[in-house]
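Student: Please take one part of this model and look at it closely with me. I would like a careful, connected explanation, with each term made clear as it comes up.

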Amino acid sequence: MISAELRLGAVSYHPRVVTIWERFRTYFADAGVPTDYLLFSNYERLVDAVLEGTVDIGWNTNTAYVALDHRAAGGTQILGMRDVDLDWATVLVMPKGKSIDSVTELDGRVLALGSRDSGHAAILPLHYMAKEGLDAQERCRLLRFDTDLGKHGDTGDSELHVVRAVAAGEAEAGALSDVYFSAFRAEGVPEVADLQVVWRSPTYYHCNFTVLDSLDRELSERWSQALLAMEFDDPSLRSAMELEGVRRWYRGDRDGYASLTAAMREQSMLT
Amino acid sequence: MSSAREQEPAYRVDAEQLELGGGLEVLLAAALERVTPGGVLEIRTPSRAVALELPGWARTTGHELIGDAADHGAHVVRIRRGASARVLAAPLPDHGEPPVLRDGELHTADWRGGQLPPDPDPGAGFAPLGAVPEAGAPRHHWQLSGRDALWADDVGELVEQASAQQWDASRDVPWAAARDLDRTTEKAVAQVMTFLAQNEYAALYVPARFLPQINPQLVELVLWLGSHIHDEARHIEVFTKRSLIGGQHGYALASTELSLHTLLDEHDFTASSLLLNVLGEGTFLDLLRFIELHAPDAATAAAAKLAHRDERRHVHFGISNIRRATSFDPDLAPSLVAAAEARAAKLVSLSGLSPLLVESLTVMAAASLQPAELAEAAADIRTLTETMESNRVRRLRACGFSATTAQHLSDLHTPNLM
């Protein structure tokens, strides 16, 4: 067994998480920063584990990061994030032939949302729509698909329900992440063929690797440097990086979490 | 980042009415081929929905949205091509010289332009001839990978012949002609056919065991062994059908089984070329020719003739393979002799071809129990034995063995013939 300098916590939203972290574990050992991983069934447990010191690094969704940072009173550091995490966006989809020029046109309509703990499929759509003049919680009938709660939308399952509901006419419009909509399109999910994007949110950050301020800086810096050195064109890494949905790692920062922090406050999710 | 926003597009594409999920991805992939990593592709679309969806598409495919503007009622989306390679391999080679045609036919022997295959990487995969393999694929560990121990110079031509000479054991044999033999003759034929079919199983199992060990970069060998296996499957089929059609049955003899068992014991490719292709199938060539000439009915003659045509190719491959392998490895010939000696040692209990089979061959050739016909048939079988012996030595000489060694190997050959 490799003696690990760091313990990383991740959520097992899919069996592929094991494949990914088995490969990355070997990578970090080879890179001189032996890192073991622990899997959790939900992000709330992962956040607890970071705060309690059971793990040193949390591979967090944006919702988990904002909750962790709030509970740590801002005493966290971000060690890295994926290229896709820097420009995440939520889209509203409607059946082809129907569209809106403004989200206010959805006043009084049925709006499908993903899991209520998903930043991209529930929390941020409500936030951004409110900023554009529609308090959807008050003015729309929300059709929520709270599947896989605790996974913060990682499984994509609630978003699949969203597109199916819109395609079936059970909701006038539905909110989901642009990445999942593109993935459903690429996978040939039949319902997606009848849908189009009618609105797109400003971009925001998604996942990141978070540590508490108390972690040794020299150690966390070595880990970050190893992460950033991963090459998508390295044949031994490509498959695991494709599964993780990353082509290049970035250091990242806090800037892209302001909207979610505000949204979670508005929706009484930070107490 | 700001300089990228001002970067002039390397390529522009008008999507017209195309949508994502409806063919736009294909147009974009082709357009991005014309843009180097870091360069900008400009996409013009009349659809707001497409413009809203393109950023998500760009990000999931490894590119970056750098601008979205309106222009005379159209949407102009600019994306910067990502740096990662789609396929982890060197670029495909430029258009090369295609293989030549022979009277409009593309022959397997010509697809390498007359060149030998390179000695392959033992871990290579199933990349077809001409393909560029992508890095990152799992490695294989082919047991049979050294070109010079496995190759035969005319293997491409043999593959060509094997394809051209396919036949159908249900339709290419006049089965009705086998229905009217007297019981004695038919019983003899059934025994001979049972013997042939029993031997053909081993002739199938030996190459079948080698096939999945062959490096697929030696593709002609893969095709060759595939054809060899297919040939033997048809031989099992045709001789089994001939034994069944007359309503009589034969014995699957233990002595034959012992001989074939020792054939399967041999795990070396070239030693099996010697024992199966050259010695076994070579000897069967003479036997099949004898059966064709002395068959009491047209069905038996046709089955023997069709099988003979295939076995000639198999013998040819064996001789060609051994001649080439021994020329590259001077230590190989003694080890091949040792393999034949080891097999012979296991067959000391066999003193000659089974009397039951000799009797059956004689009755089949005589087509009666009349003394005059039996005497003539017995003489023909003595001639057959001599022919088998002299042809075996001739084939061994063609493999490159000295006269003395060829005689020694022929003497060691199994009395079971295969």
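Tutor: Helices (H or I, at least four residues) and strands (E, at least two) are DSSP runs that are numbered from the N terminus, and two strands pair if DSSP finds at least two bridges between them. The model is predicted, with local features needing pLDDT of at least 70 and side-chain atom pairs counting only at pLDDT 80 or more, while totals for chains, interfaces and linings use all residues. Residues are numbered from 1 along each chain as its sequence is written, and chains are lettered from A and ligands numbered from 1 in the order in which they are written.

Let us begin with strand β10 of chain A, residues 208-212, which is mostly covered, since four of its five residues are buried (a residue is buried if 20 or more other C-beta atoms, placed from the backbone, lie within 10 Å of its own, exposed if 12 or fewer, and partly exposed in between). Strand β3 of chain A, residues 57-60, runs antiparallel to β10(A) and is joined to it by three bridges, and here A:Asn60 stands opposite A:Asn208. Strand β4 of chain A, residues 76-82, is also antiparallel to β10(A), with four bridges between them, and A:Gln77 has A:Val211 as its bridge partner.

Strand β8 of chain A, residues 173-177, is largely enclosed by the rest of the structure, because five of its five residues are buried. Covering is found on both faces of β8(A), with A:Ala173, A:Ala175 and A:Ser177 buried on one side, and A:Gly174 and A:Leu176 buried on the other. Strand β5 of chain A, residues 90-95, pairs with β8(A) in the antiparallel sense over four bridges, whereas strand β6 of chain A, residues 110-113, runs parallel to β8(A) and is joined to it by two bridges. A:Gly174 is the bridge partner of A:Val93, and A:Gly174 is the bridge partner of A:Ala112 as well.

Stepping back to the whole chain, buried residues make up 50% of the 271 residues in chain A. Among the contacts in chain A with a separation of 6 or more, 79% are between residues 24 or more positions apart, where two residues are in contact if their C-beta atoms, placed from the backbone, lie within 7 Å. Along its principal axes, the C-alpha trace of chain A spans about 55 × 40 × 25 Å.
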